[in-house]
Amino acid sequence: MTAKIISGKEIATQLRQEMKEEVAKLKEKGIVPGLAVILIGDDPASHSYVKGKKKGCEEVGIYNRLIEHPATITEEQLLNEIDQLNEDESIHGILVQLPLPKHIDEKKVIERISPEKDVDGFHPINIGRMMTGQEAFIPCTPYGILKMVQLQNIEIEGKHVVVIGRSNIVGKPVGQLFLNENATVTYCHSKTKNLKEMTKQADILIVAVGKANFIGKDYIKEGAVVIDVGVNRLETGKLCGDVIFEEAKEVAAYITPVPGGVGPLTITMLLYNTIESAKRFYGVRS
Ligand SMILES: Nc1nc2c(c(=O)[nH]1)N[C@@H](CN(C=O)c1ccc(C(=O)N[C@@H](CCC(=O)O)C(=O)O)cc1)CN2
């Protein structure tokens with residue numbers, strides 16, 4: 001078997017085109033969705049992701065405000081800035097690029113963002129709303145993964161989804177999202193015994209561990225859907241996922257590549273959440 005490669009790049013292009021048309025219609029009603037992105041410090045990867053967010057906003061017509069600070073900014077200054085953005089009616093989404101410098105408490109920062117503007121979907125209120133099946137902002141990477149699977153018309157209900165990884169940004173919420181779609185979900189992590197036995201049972205295997213080439217074909221059931229969330233930079237400068245792509249594609253039915261798989265959907269779903277937030281603010285129905 002040779003797997004079908006799910007191109008996140010192609011899906012992102014298609015979704016962004018639809019969003020561009022939607023934003024144009026909103027603008028006819030005088031509504032301009034606005035996103036504020038706060039970037040702290042000089043981490044090159046964070047700078048590159050934020051650049052991608054700005055470009056994405058420009059592509060679909062979202063007003064974007066990039067606020068940059070040196071790593072010496074105090075926690076209090078950052079919290080005050082978030083307070084101001086919470087009150088700003090031209091801003092419907094607020095995002096603080098992670099990770100933050102060590103002297104700033106990430107939890108405090110996330111909780112300071114109004115849940116109604118938390119387009120990252122990281123605020124405990126949005127997590128709680130998602131868990132209880134209420135209207136919520138869904139974290140962008142998990143949302144992108146769900147969209148990718150749904151757009152391939154892959155059945156989710158009744159399927160066994162195995163998630164490797166339990167981060168608050170990806171692992172935990174992605175499992176919850178698939179549970180909401182009536183999948184049976186198993187979480188695996190660094191303390192899981194017999195990992196291979198678990199992953200071999202997966203109809204849909206989602207790998208989010210952040211270890212280059214961690215999962216080979218012997219971990220994958222024939223015909224499974226393999227979603228690789230890892231973005232690992234090798235010493236050669238090359239990017240690679242958590243899954244050994246060349247091996248896994250021999251046994252899987254579907255597989256996402258790195259780069260060009262889940263990554264492009266992360267920014268795309270952020271744009272989606274920002275438009276959604278503006279629509280909610282102005283009472284526009286979807
Ligand atoms: N506030 C947030 N911080 C972070 C998030 C987040 O969702 N919100 N996620 C990651 C970083 N991230 C977006 O911020 C992100 C990661 C990867 C990609 C992406 O498109 N990856 C490409 C490869 C890009 C490259 O060449 O380096 C791919 O996989 O094809 C986009 C966004 C942590 N921080």
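Is the crossing in which α6 passes α7 left-handed or right-handed?

Modeller: This is a predicted model, in which local features need pLDDT of at least 70 and side-chain atom pairs pLDDT 80 or more, while totals for chains, interfaces and linings use all residues. Residues are numbered from 1 along each chain as its sequence is written.

The crossing of α6 past α7 is right-handed (the near helix is turned clockwise from the far one by less than a right angle; helices are DSSP runs of H or I, at least four residues, and strands runs of E, at least two). Pro142, Ile145 and Leu146 of α6 meet Pro173, Val174 and Leu177 of α7 (contact: C-beta atoms, placed from the backbone, within 7 Å). By class, this contact has 6 nonpolar residues and no polar or charged ones (Ala, Val, Leu, Ile, Met, Phe, Trp, Tyr, Cys and Pro are nonpolar). The axes of α6 (residues 140-151) and α7 are 8 Å apart, at an angle of about 40 degrees.

The loop between β5 (160-164) and α7 (171-180) holds Arg166. A UniProt record, from an unreviewed entry, places a "binding site" at Gly165, Arg166, Ser167 and Val231; such annotations may be inferred rather than shown by experiment. Arg166 is partly exposed because it has 17 C-beta neighbours inside 10 Å (20 or more would be buried, 12 or fewer exposed). Beyond four places in sequence, Arg166 contacts Gly171, Lys172, Tyr187 and His189. Val231 lies in the loop between β8 (225-228) and β9 (232-233). Beyond four places in sequence, Val231 contacts Leu239, Val258 and Gly263.

Note on methods: Contact = placed C-beta atoms within 7 Å. Axes fitted to C-alpha atoms, helices over the stretch in contact; angles between N-to-C directions.
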